[in-house]
Amino acid sequence: MSSYFPHAGAKSRLHRFPLIQASVLTSVLLGLSSVAQAATPAACELDRTVRFGGMNWESNLVLTEVERFITDKGYGCKTEVISVETLPALAALERGDLDVNTEIWLNSVADPWKEAEATGKVKRVGDIYMGGEAWFIPRYTAERLPELKSAADLPKFKDEFKDPEEPGKGRFYGCPAGWGCEVVSGNLFNALKLGDTYTLFSPGTGATQKAALTSAYQRKENVVFYYWYPTPLVGSMDLVKLELPAYDAKKHGCLTDPNCANPEPSDYPENPVFTAVNTEFSKQAPELTAFLANVSVPLELMNDTMAHMEKTEGEPEDVAHWFLKEHEDIWSKWVPMEVAQRVKAAL
């Protein structure tokens, strides 16, 4: 009996070998199939370069690089970024000088977008996340000035926010020049009748604005400003929102109008952030348009991505690669499986 069972065991193992070999062979073939699919070059729907609008704020720059990488590696298209400001970007999208505007903040350009959409030359294709806007002071300023609760209180504290160029007035940091939010913050500034006590300072670029605010914060200076989120700046600072009058759709609608004759104060509503494309582009490239329509990022993840950018001081392209490597569970849902495989192979 002792010699029988080892022999039987050996025989049994021999019978199992074909099953094991078949299983291994199947796994290898599946792996090779996956690699083959990933290695299969994609044929772009367009015989020209896809043109993305490059707005100069961080979330847009990162998401644009994410979309470009997928468009390039997953769909086989050449891409470029054209630097442009918010309102000129809408005109460029209408003309077809741009194909894709990754982030449009609806409440900042409500009327201009409505007019552009009415031409039929542009299309809103997908909602990315729900952003927000506010007027802020640092928490250390709120602790120094406990009676400063609302934007309407600002005239009483003008000397605490002295404008270095006009010391008799305070300085309010508005939206960068040429951005859609400049219209709203300017109209709101006028609606609150702050012109007698404050200057409305519009930085030349988003980078200039961020540098000025970061410098003031690091020196613990009192500063009052408009900003939006999710952004690295809001995520990295301890800030307090100034109270604004309750949101009123009609009043806010006028605030978004560059020609608003009688601006009245209203709080900012939640701000839908969406992707828009040129309509002709959507006809020429339906697969790319379907991908762009699927791009959606949870706000918490967008905050984390902006925090990562601030912590690492990474360039948009670097942060985009980090996002693609770390959050495959998110972006892989935007595209067909074979596209996702090509993107993963390229990472």
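The tour starts with confidence, then moves through the core, the helices and the loops.

**Before you start**

This is a predicted model: local features need pLDDT of at least 70, side-chain atom pairs count only at pLDDT 80 or more, and totals for chains, interfaces and linings use all residues. Numbering runs from 1 along each chain as its sequence is written, and side-chain values use heavy atoms, with hydrogens and water left out.

**Stop 1: colour by pLDDT**

pLDDT is the predictor's confidence in each residue, from 0 to 100. The protein's mean is 88, and 88% of its residues reach 70 or more. Now select residues 1–37. Their pLDDT is below 50, and beyond near neighbours in sequence the stretch has three contacts in the model. Contact means heavy atoms within 4.5 Å.

**Stop 2: the largest nonpolar core**

Select I70, W135, L154 and W334. Of the 95 residues in the largest nonpolar core, these touch the most other members. Such a core is a set of buried Ala, Val, Leu, Ile, Met, Phe, Trp, Tyr and Cys residues joined through side-chain atoms within 4.5 Å. Buried means under 20% relative accessible area, exposed over 50%, partly exposed in between (1.4 Å probe, protein chains only).

Which strand gives the largest share of this core? Strand 4 (residues 122–138) does, with eight residues. Helices (H or I, at least four residues) and strands (E, at least two) are DSSP runs, numbered from the N terminus. Domain 1 (50–131 + 271–346) and domain 2 (132–256) both contribute residues, so the core lies between them. The domain bounds come from an automatic or database domain assignment.

Zoom in on I70. Leaving aside neighbours within four places in sequence, I70 contacts Y75, F291, L324, W331, W334, V335, V339 and V343.

**Stop 3: helix 11**

Follow F291 into helix 11 (residues 286–294), where L288, T289, F291 and L292 are buried. They cover an arc of only 160° around the axis, which puts them on the same side of helix 11. The arc is that of the directions from the helix axis to the C-beta atoms. Show the cover too: it includes strand 1 (50–54), helix 2 (58–75) and helix 10 (279–284), among others.

**Stop 4: helix 4**

Select residues 110–118. P112, W113 and A116 are buried in this helix. Seen down the axis, the buried residues of helix 4 fall within an arc of 95°, so they line one face. An α-helix has 3.6 residues a turn, so residues three or four places apart point the same way. Turn to the other side of helix 4: K114, E115 and A118 are exposed there. Helix 3 (86–95) and strand 3 (100–105) are among the elements covering the buried residues of helix 4. G120 follows the helix, with a positive phi near 80°.

**Stop 5: N187**

Go to helix 6 (residues 180–191) and pick N187. N187 is buried, with a relative accessible area of 9%. A polar atom of its side chain lies 3.0 Å from the backbone oxygen of D257. Not counting residues up to four places away in sequence, N187 touches C254, L255, D257, C260 and P263.

**Stop 6: backbone details in loops**

- K193 sits in the loop between helix 6 and strand 7 (198–201). Its phi is positive, about 55°, although K193 is not a glycine. K193 is exposed, with a relative accessible area of 67%.
- E313 is in the loop between helix 12 (299–312) and helix 13 (316–326). E313 is not a glycine, but has a positive phi of about 55°. E313 is exposed at 70% relative accessible area.
- P230 lies in the loop between strand 8 (224–229) and helix 8 (232–236). The peptide bond from Y229 to P230 is cis, with omega near 15°.

Conventions:
A polar contact is a pair of N or O atoms within 3.5 Å; within protein, one must be able to donate a hydrogen and the other to accept it, and residues adjacent in sequence count only if both atoms are side-chain atoms.
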